[in-house]
Amino acid sequence: LASRATNIYPLYQLGNPQLRIFRPNWFLTLVRPGKEQPPDTVQFRIPMEMTKYDVKNYLEKIYDVPVGAIRTRIQFGSNKKRNHLHQKVKQPDYKVAYVQLAQGQTFTFPDIFPEKELKHEEGSMEEMQEKFMEDEKQRQRLDPRRGGVTEWFGL
Amino acid sequence: MNINLILGIFILKGWDWVGREKSPLAALSWRSPSSSVAPCRALHTTISRRGLDEFFDLPENWGETTVKSGAPWTAKQLRTKSNEDLHKLWYVLLKEKNLLLTLEQEAKRQRVPMSSPERIRKVERSMIRLETVVNERESALRMLQTGQEKARPGAWRRDKFGHVYWYRFKEYAIPWYMNRRYKRKSFFTPKFVQPHIRLRLEKYLRQRARKTSLERRTQSKLKEKFPHANISAS
């Protein structure tokens with residue numbers, strides 16, 4: 001959203017009311033940690049403009065998640081790769097936040113892409129194709145009664 | 001400059017969309033029972049406090065290639081909603097977008113195609129429209145109450161090259177005559193820039209004339225070749 005991109009916060013001087021943001025424009029991405037993390041640590045990718053306090057308030061208020069310690073770092077996106085025009089291509093930089101949950105809670109990143117059996121609907125093209133391929137493969141296989149012996153040996 | 005930002009959310013905890021069968025993209029015609037025309041019982045929704053599980057979809061949808069989702073909210077639909085509803089919808093869309101972004105990143109990590117990636121664009125569009133509707137309302141209110149059209153004050157100013165542009169004011173703690181960096185900016189055009197401005201204007205007019213004459217020439221050629229053809233309005 002262009003209006004929020006160049007956000008100018010009002011100036012703060014002693015005695016001013018606390019700045020509140022309605023409808024925050026920040027999105028967190030939960031990522032699977034690359035390195036092994038302690039069981040209570042959750043890893044997020046956050047926008048560069050967010051601070052530790054922002055993330056803490058965000059998680060507590062919007063997701064109702066009790067947050068203990070939180071540490072952030074900025075990951076440099078590589079500028080080394082070159083495209084077909086030999087120009088350097090920059091991967092975007094991003095900020096990573098390591099959030100430790102309070103009250104002894106733990107979190108493990110779940111397996112979101114489990115292996116699923118693909119069943120085609122009855123009478124569809126894909127089902128007929130699958131059946132045909134299955135039959136072809138069956139013809140290629142030798143007689144199981146031969147016990148793995150190839151056709152080269154006579155009889 | 002780290003400002004302590006506390007997110008102001010009101011009445012969020014008391015509402016959430018009913019389960020996750022209805023995604024936030026479907027237009028909800030949800031009315032409070034007290035103001036409805038037809039008699040109906042009060043609707044009780046349990047607030048889903050799933051914590052970090054809200055970053056992930058329902059377990060049934062894990063591993064699917066396509067997940068069904070509704071159309072994005074249109075500005076027309078959003079204009080019918082109250083401010084509280086829009087506020088709550090913003091957070092619903094925000095959580096949905098977070099969910100989709102986590103899914104996208106995990107799909108990249110596992111080198112697997114993400115299920116129905118168009119959902120992210122739909123949510124983005126809904127949020128943009130929501131923002132425009134809220135800004136419209138805010139601007140109308142400001143206009144009625146104070147007579148100001150814009151929230152941020154500004155002025156038409158000239159820069160060194162003779163361009164006239166809308167300069168938006170910035171908040172400072174000190175007046176402008178004490179601000180050294182601001183005083184180095186010059187909001188006027190020196191006299192020796194006038195010939196350059198004239199040349200630039202001539203160039204612009206020449207380009208515009210060339211474009212119009214080109215259009216006229218192409219239209220006349222087309223009319224010559226195809227005399228009975230319908231000339232487009234453009």
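Leaving aside its neighbours within four places in sequence, which residues is Lys90(A) in contact with? I will answer that in a moment, after a word on what we are looking at. This is a predicted model, in which local features need pLDDT of at least 70, side-chain atom pairs count only at pLDDT 80 or more, and totals for chains, interfaces and linings use all residues. Residues are numbered from 1 along each chain as its sequence is written, chains are lettered from A and ligands numbered from 1 in the order in which they are written, and side-chain values use heavy atoms, with hydrogens and water left out.

To the question, then: Lys90(A) touches Phe76(A), Gly77(A), Ser78(A) and Asn79(A), where contact means heavy atoms within 4.5 Å. Lys90(A) sits in the loop between strand 4 (67-75) and strand 5 (94-101) of chain A, and it is partly exposed, with a relative accessible area of 37%; on that scale, buried means under 20%, exposed over 50%, and partly exposed in between, with a 1.4 Å probe and protein chains only. Its side chain reaches the backbone oxygen of Gly77(A) at 2.6 Å, and a polar contact of 2.8 Å joins it to the side chain of Asp93(A). By polar contact I mean a pair of N or O atoms within 3.5 Å; within protein, one must be able to donate a hydrogen and the other to accept it, and residues adjacent in sequence count only if both atoms are side-chain atoms.

Let me turn to the interface. Chain A contributes 48 residues to the contact and chain B contributes 45 residues. Together they bury about 4,800 Å², 66% of it on carbon and sulfur atoms, buried area being the accessible area (1.4 Å probe) that two parts lose on being put together, summed over both. Of the area that chain A buries against chain B, Arg23(A), Tyr63(A) and Phe113(A) supply 18%, more than any other three residues.

Between the two chains there are 3 salt bridges, each a side-chain nitrogen of Lys or Arg within 4 Å of a carboxyl oxygen of Asp or Glu. Arg23(A) forms a salt bridge with Glu131(B), the closest N and O atoms being 3.3 Å apart. Glu131(B) belongs to helix 3 of chain B, and it counts as buried because its relative accessibility is 5%. Helices here are DSSP runs (H or I, at least four residues), as strands are (E, at least two), numbered from the N terminus.
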